[in-house]
Amino acid sequence: MTSTDPLAPLAADRVIAVIRAAEIPDAAALCAALREGGIHWVEFTYTTPDLAGHLRRAAPEAGAGLGAGTVLTAAQAEQAIEAGARYLVTPGVRPAIAEAAAPAGIPVVMGALTPTEVARALDLEAAAVKIFPAHALGPRHFKDLGGPYPGTPLVASGGVNATNAAAFLAAGALAVCAGSDVVPPAAVAAADWRQITERAREFTAALG
């Protein structure tokens with residue numbers, strides 16, 4: 001990953017907060033709370049109602065760190081891009097998402113698990129490959145993938161927490177995804193931004 005790549009800053013920040021909540025009272029305030037705790041990359045997912053609305057409200061605060069996740073269709077990709085998403089994340093290999101994102105110059109973090117799926121994601125010019133679920137094979141899987149795919153930006157997602165995140169990074173992951181350990185749905189729904197800031201701070205501190 002070079003300094004001109006749109007995801008290059010992720011190599012320094014190392015964390016994407018993944019938001020899965022039935023209710024988000026203030027997406028911009030949520031992003032601000034995470035930023036105060038040291039997390040600048042936020043992925044709002046299509047498992048949340050009114051995703052496009054949340055993206056629009058969060059865009060001024062999140063800037064280049066604003067992403068849309070669990071993107072499964074070209075229509076979703078186009079909607080998210082129009083709403084301000086600066087990158088897209090898929091749970092698996094989705095050629096339609098790559099095709100929809102390319103004309104807009106929007107990078108895709110494409111989901112994969114096996115070496116074959118990583119190759120398919122790279123063939124589709126994914127900006128990074130999200131290994132999901134990361135906990136299934138653990139940090140060693142990232143070392144193993146580094147053999148045939150040296151230099152490939154890999155993101156660990158699924159079952160990553162403050163206890164094991166540093167191990168994934170040490171094994172070669174470019175970044176990790178922080179889920180409910182940092183952004184519990186109940187805290188998001190209650191607009192408990194102070195708790196989320198504290199959780200984000202604890203998570204980033206654990207990375208070393």
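**The nonpolar cores**

Begin by selecting Leu30, Leu34, Phe44 and Leu88: of the 65 residues in the largest nonpolar core, these touch the most other members. A nonpolar core here is a set of buried Ala, Val, Leu, Ile, Met, Phe, Trp, Tyr and Cys residues joined through side-chain atoms within 4.5 Å. Buried denotes under 20% relative accessible area, exposed over 50%, and partly exposed in between, with a 1.4 Å probe and protein chains only. The model is predicted, so local features need pLDDT of at least 70 and side-chain atom pairs count only at pLDDT 80 or more, whereas totals for chains, interfaces and linings use all residues. Residues are numbered from 1 along each chain as its sequence is written, and side-chain values use heavy atoms, with hydrogens and water left out.

Next, centre the view on Leu34. Not counting residues up to four places away in sequence, Leu34 touches Ala17, Ile19, Ile39, Val42, Val182, Val183, Ile196 and Ala200, where contact means heavy atoms within 4.5 Å. A second, separate core has 13 residues, including Val18, Val155, Leu174 and Ala175. In soluble globular proteins, nonpolar side chains tend to be buried together.

Select residues 51–62, which form helix α3. Helices (H or I, at least four residues) and strands (E, at least two) are DSSP runs, numbered from the N terminus. Which residues of α3 are buried? They are Leu51, Ala52, Gly53, His54, Leu55, Ala58 and Ala62.

Now inspect the two ends of the helix. In the loop between β2 and α3 lies Asp50, which has a positive phi of about 55° although it is not a glycine. Asp50 is partly exposed, with a relative accessible area of 48%. Just after α3, Gly63 takes a positive phi of about 60°.

**The pairing of α2 and α3**

Show α2 together with α3. Their axes come within 7 Å and cross at roughly 35°; axes are lines fitted to C-alpha atoms, for helices over the stretch in contact, and angles run from 0 to 180 degrees between N-to-C directions. At this contact, Ala27, Ala28, Cys31, Ala32 and Arg35 in α2 meet His54, Arg57, Ala58, Glu61 and Ala62 in α3. The residues of this contact divide into 6 nonpolar, 1 polar and 3 charged. In this division Ala, Val, Leu, Ile, Met, Phe, Trp, Tyr, Cys and Pro count as nonpolar, Asp, Glu, Lys and Arg as charged, and the others, Gly among them, as polar.

**Further selections**

Move to Pro133, in the loop between β6 (128–131) and α7 (134–137). The peptide bond from Phe132 to Pro133 is cis, with omega near -5°.

Then select Ser180, in the loop between β8 (175–178) and α10 (185–189). Leaving aside neighbours within four places in sequence, Ser180 is in contact with Pro185 and Arg199.

Continue to Ala191, in the loop between α10 and α11. Ala191 is not a glycine, yet has a positive phi of about 55°; at 31% relative accessibility, Ala191 counts as partly exposed.

Finish at Thr197 in helix α11 (residues 193–205). Is Thr197 buried or exposed? At 5% relative accessibility, Thr197 counts as buried. Beyond neighbours within four places in sequence, Thr197 is in contact with Ala33, Glu36 and Gly37.
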